[in-house]
Amino acid sequence: MSILGDGGGISLPMGDDVQMVEVTLTITDAAAERLRAVLSEEVGDDLVLIISTLSGGCSGHLYDMQVAERPDDSGFQHLDVEGIPISVHNRDSWRLNGIEVNYLDTLMGGGFKIENPNADRGCGCGKSFG
Amino acid sequence: MGDSRPTGPLWFERASCSRTVLSGADAVDLLQRITTNDLEEMSATDVRNTCLIDANGRMLDLLSVWHLGTELLLMGSENQGEVLRAHLADAVSWKDDVQAMDADEALVLLTLVGEGADDVVCHFVGELPESGHWRMGDACWCAQPMHDGEADAWDIVCQAGSREGVLALLARHGVSEGDEQAWQEERVARGWLEGGREVDGTVIPLELDLWDSVSFDKGCFTGQEILARMESRGKLARTLVGLTCSAEPPLGRQHTEAGSVVVTSSVEHSRLGWIALALVRPSSIEGDGKFSMQGDAGQVEAEIRDLPFPG
């Protein structure tokens, strides 16, 4: 039972008011090689790399990358970059347009790194942007 | 000042404080990511305060979060509802399962204050709740307000259709309606914050003594770096204090012998005279705490006091 009782309250739009752009992004050779390896290790049909943003982190937004089956949600844009299938949701399109995905093979501070021309700021640990 | 003020507790309707209901599997996680307090371990009937801040650590809203089991009720500070809702809408990712309802019309927020308020609430709920929120009948809930726990102060939330019934019940127990003057007297004397006065986009939660609304070990949240730095350095640029004044103090930034002072609220209190809330440099407190300001009608002598003012 809702605190609002029957039919009280006004539904608020959540993430519907999006500024959509057609996404282009680049992947460095090192990142492409690593992503191909990651995709080949996963089991499933029609796997893609979903790159998205989450609110939070010191600077306001965090990057999120996951391998999943190609989403059938019409809100996604599907790209092929260096042979890597990538999906980006329209909600994230303006924040992620123009990014470069890199991969650093180092013991400390290694892993995937994203250079984002839309970010005005980043936090000390480098995991969030705003 | 008025001897006409009714005795006994007063109720105030807080219509300008936003009421928003969140639901969905990721509602807590969303708030965890974008607000300052640790809400992850909350369980049904818990109430916790948390701050919505920007990436520079500045206050956007102070929220009281009521965990209702399958829903969260967020109650914001005055006139900050649009800011809160814009941030919520922007913060939801494509994979978040979160729904939000604007409950400003559907729910009524009353604050009950004054000697005897505890007895009134106790009468409704049987036993005085020590923390969290309590149900008062089918469509009414109560909890201690968003400010530090103190005696004789309660927030009551009811469905709009129950408003008249709740007010009639309060009246039967000797609770009267308070006017804006009475509200400001209670609020300023208790050091309670108001949206647009103390809670605005220039101030950092720790400067408002909202330490219990910030978690320093829950992990990253927006604005965390700024707060963590202030906490580790143990230094605040300014801090919220009470002032007793010889006359009506001017609002806003004042340049005084105690340094820069920002007077955020003031009221002529029936017992305490002119009192105010102000942000001052910590060094101002270390001195004698006295300074003067230029008011509309001449010089105003002010003295720094601990909050809350003595009851």
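**View 1. The area buried between chain B and chain A.** In this predicted model, about 2700 Å² is buried between chain B and chain A, with carbon and sulfur atoms giving 61% of that area; buried area here is the accessible area (1.4 Å probe) that two parts lose on being put together, summed over both. Within chain B, the residues that lose the most area to chain A are B:Trp94, B:Met101 and B:Glu225, which together account for 24% of what that side buries. In terms of contact (heavy atoms within 4.5 Å), 35 residues of chain B meet 34 residues of chain A. Residues are numbered from 1 along each chain as its sequence is written, and chains are lettered from A in the order in which they are written. Local features need pLDDT of at least 70 and side-chain atom pairs count only at pLDDT 80 or more, whereas totals for chains, interfaces and linings use all residues, and side-chain values use heavy atoms, with hydrogens and water left out.

View 2. The side chains of B:Asp90 and A:Arg95 meet in a salt bridge, at 3.1 Å from N to O. Polar contacts are pairs of N or O atoms within 3.5 Å, where, within protein, one must be able to donate a hydrogen and the other to accept it, and residues adjacent in sequence count only if both atoms are side-chain atoms; this rule finds 16 residue pairs across the interface, both residues at pLDDT 80 or more.

View 3. Strand S1 (residues 10-12) of chain A pairs with S6(B) in the antiparallel sense over 3 bridges, where strands are DSSP runs of E, at least two residues, numbered from the N terminus, and two strands pair if DSSP finds at least two bridges between them. The bridge partner of A:Ser11 in S6(B) is B:Met101.

**View 4. The open sheet of chain B.** In chain B, 6 strands form an open sheet with mixed pairing, in the order S8-S9-S10-S7-S1-S11. Its edge strands, S8 (133-135) and S11 (176-177), each pair on one side only. Strand S1 (residues 10-13) and strand S7 (residues 107-113) of chain B pair in the antiparallel sense over 4 bridges, and B:Glu13 has B:Leu110 as its bridge partner in S7(B).

Definitions and conventions
Salt bridge = Lys/Arg side-chain N within 4 Å of Asp/Glu carboxyl O.
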